[in-house]
Amino acid sequence: MKHLGMEQNRPRIAVFDFTGCEGCELQLANKEETLGAFLNAIEVVSFREVSSDRGDDYDVALIDGAITRPDEVERLKTIRQQAKILVAMGSCACFGGVNRLKNAYDLDEANREVYGDLPKETMPTMAVDEVVPVDLKVPGCPVSKDEMERVVQHLVWDLPLPSYAYPVCLECKQRYTVCRFDLGELCLGPITRAGCGAPCPAGGLGCWGCRGPAESPNYDEFFALAKEKGFTEQEINDRLSFFGGFQDVVSTTAFQENTNEDQP
Amino acid sequence: MKINLDVNVHHLTRVEGHGNIRVRVTGGKITEARWDIVETPRYFEVMLKGKHYTMAGILTARICGICSIGHCLASVRATENAFGITIPEAAAKLRLLAKHGETLQSHTLHLFFLAAPDFLGLTSAIPLKDLKPEVFGLAARLKGLANHLCEVVAGRTTHPVSIQVGGMAKMPDKYALRDLKAQCQRAVDDLAATVELFGTLEIPDFVRETEFVSLKAAKEYPFIGGRLLSTDGVEHPESDYRAMTNEYVTENNTSKWSKLSRESFAVGALARLNNNYHRLHRKAREAAGQFGLAPICHNPFMNNVAQLVECVHVVHDSIRIINELVDTSNGETMAPVMPRASQGVGAVEAPRGILYHDYEYDALGRVVRANCVIPTTQNNANIHYDMAALVKQFAVDGMTDERLELLCSMLVRAYDPCISCSVH
């Protein structure tokens, strides 16, 4: 198909779901005003949730979900062998997402609690890049369709990928949202990677960090601010560990030092 | 002539999540007819333990990418019932409006993108964009309106942010509400066109008598909270949901199964309609009439039609709610929240059927124990038993593996299963 008189590359895309809610895949069918153009720009080779076509000759694999069972490891490795470009789509694929929360519990006990005497196979949650190399990560819970469109534009026209070095805070200011801290709430906006358009603070909910860290986030300043506003270590860690993107800074020494100053 | 048939579907397409169909007919006898859920378990009930009440709704919304609003609503309702909170009237209206947005979004997604391709001889709805652009446009406009409704009222289309314990975090501004109302009014014609379109599709003639479970209407067609009712006459308060669900674990499934008066029961649009037909909006009953759909209907394929009837209902009811919200002078949307050691249940009609969240809290407002019973969990046994009856009826001379596979797949899709939800 030609665009502005030029032949264009129509990437052959396959979408695969692993452990998760499949909400990121659903986003691909959203943004109805550009859905037709989006589908014209790509060739959907395999997308189980919306199509019975099951092609194996794809170039780009979009991976939705985290890896939580041995058969998923094997399936993912097979997909990696075929895909020229493998994209981790959404927070589950990028960080393990909320599924990673289960790693804090004894899985045998978890199995007994849910399934009684008939336990089901499971293993600790992994992000996609803990199993195979990932070419591109698009975090978000769910992923933003705008950002997925930018990824497709990159694949079709070689347009540069958006780079969100700055945090969500900036996008809040751009849409005149009152700061959640000023309303007495905790918010990870100062350290979380932007690109979502900051819908949560505008909707009345401080950021929970689904997109993971911005570039070189100022953790010291953030922990100092959160402490000054009276939030506890547990409250802050509840947020940092929620989507798995801030695993490395949960209960960091930076925070410990900050809170320890309070100790008598 | 001896009939031999073999159907083996690994990871059925055009459904949410991972399930398998296995059917074998040997020498005219059904030796196997199975519907099995093989989705990976996520252990949400375990992950909820120790979480603060403010986190429960945000976390459980992630059980499902399609019905995240339903999960969030059931979650905050369970917590509010535990803490003894009555939410402001305006918040209750906003919640119902958000629920309507989700019902319309989920039903249109299912009807056009997941179910319709089978009836039109297509593998997906994507070719409709070129083959029948007017149908693709219809689907895109209705789903677009639904997503817009969710965005304005709940803050986002998937995984809501404004639905919080105590009420709703914000009242949308009146310009946005009036714009939504205008869009709903325009959608009335699109719905009429959809009813006409689906009227041309041939619904398989199959009946297996079963029990239907849903919320019971008090005054309005029910979506959020209230008493529980079955077509076999069982009735319980919301808090006694366990008497209605009776979950048990099976060997081959990562989803649990449920039963009530019989070996299985069904939930969803058809169950709601069978129990509450007279509470539907007049225009929705008219749409039902065009398909000859009236209670009690035991054809599971008619769940598709029941979903379409509900689309008509929720669009008309959304116009009513928006009128009331625009006229209201009391814009208070949040009630004060005081955690206490307690237990509470929230029942909500998710698009695929009745959904329950049940939490026990400690005095600090952290979850001690949680239980979620999912619509598709309740439907899985019914789908399984339907499968055997369907095969029995259709395994006749002239039937092929391909046609039987299509019929079995269409049966499962008619329930619009949300499989990752059912495993959670």
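Modeller: Let's take Val87(A). If we skip its neighbours within four places in sequence, Val87(A) is in contact with Val60(A), Ala61(A), Leu62(A), Ile63(A), Asp135(A), Leu136(A), Val138(A) and Val151(A). "In contact" means that the C-beta atoms of two residues, placed from the backbone, lie within 7 Å. Keep in mind that this is a predicted model, where local features need pLDDT of at least 70 and side-chain atom pairs count only at pLDDT 80 or more, while totals for chains, interfaces and linings use all residues. Residues are numbered from 1 along each chain as its sequence is written, and chains are lettered from A, with ligands numbered from 1, in the order in which they are written.

Now for the bigger group around this residue. The largest nonpolar core has 213 residues, and Val87(A) is among those that touch the most other members, together with Ala61(A), Ile63(A), Val309(B) and Cys408(B). Helix α4 (residues 89-120) of chain B supplies the largest share of this core, 14 residues. Over in chain A, domain 1 (2-157) and domain 2 (168-260) each give the core at least three residues. A nonpolar core is a set of buried Ala, Val, Leu, Ile, Met, Phe, Trp, Tyr and Cys residues joined through C-beta atoms within 7 Å. A residue is buried if 20 or more other C-beta atoms (placed from the backbone) lie within 10 Å of its own, exposed if 12 or fewer, and partly exposed in between. In soluble globular proteins, nonpolar side chains tend to be buried together. As for the labels, helices (H or I, at least four residues) and strands (E, at least two) are DSSP runs, numbered from the N terminus.

Next, those two domains of chain A, whose bounds come from an automatic or database domain assignment. Their C-alpha centres lie 26 Å apart, and 13 residues of domain 1 of chain A are in contact with 11 residues of domain 2 of chain A. On the domain 1 side, helix α4 (residues 91-95) of chain A gives the most, with three residues. That side divides into six nonpolar, five polar and two charged residues. Here Ala, Val, Leu, Ile, Met, Phe, Trp, Tyr, Cys and Pro count as nonpolar, Asp, Glu, Lys and Arg as charged, and the others, Gly among them, as polar.

Val249(A) sits in the loop between α10 (233-240) and α11 (253-260) of chain A. Val249(A) counts as buried because 20 other C-beta atoms lie within 10 Å. Leaving aside neighbours within four places in sequence, Val249(A) is in contact with Tyr219(A) and Leu240(A). Val249(A) and Cys92(A) are 157 residues apart in sequence and 18 Å apart in space, C-alpha to C-alpha.

What about the meeting of the two chains? Here, 47 residues of chain B are in contact with 47 residues of chain A. On the chain B side, α1 (44-47), α2 (53-61) and α6 (133-154) each supply at least two residues, and the largest share, six residues, comes from α6(B). By class, this side of chain B has 18 nonpolar, 18 polar and 11 charged residues.

Finally, some of chain B itself. An open sheet of four strands there runs in the order β8-β7-β6-β9, with mixed pairing; strands pair if DSSP finds at least two bridges between them. At the edges are β8 (235-236) and β9 of chain B, each pairing on one side only. Helix α9(B) packs on this sheet, touching β6, β7 and β9 of chain B, and its direction makes about 85° with that of β6(B). For such angles, axes are lines fitted to C-alpha atoms (for helices, over the stretch in contact), and angles run from 0 to 180 degrees between N-to-C directions. This helix, α9 (residues 269-276) of chain B, is mostly covered, with seven of its eight residues buried. Among the buried ones are Leu270(B) and Leu273(B). The partners of the buried residues include α11 (303-327) and β10 (342-350) of chain B.
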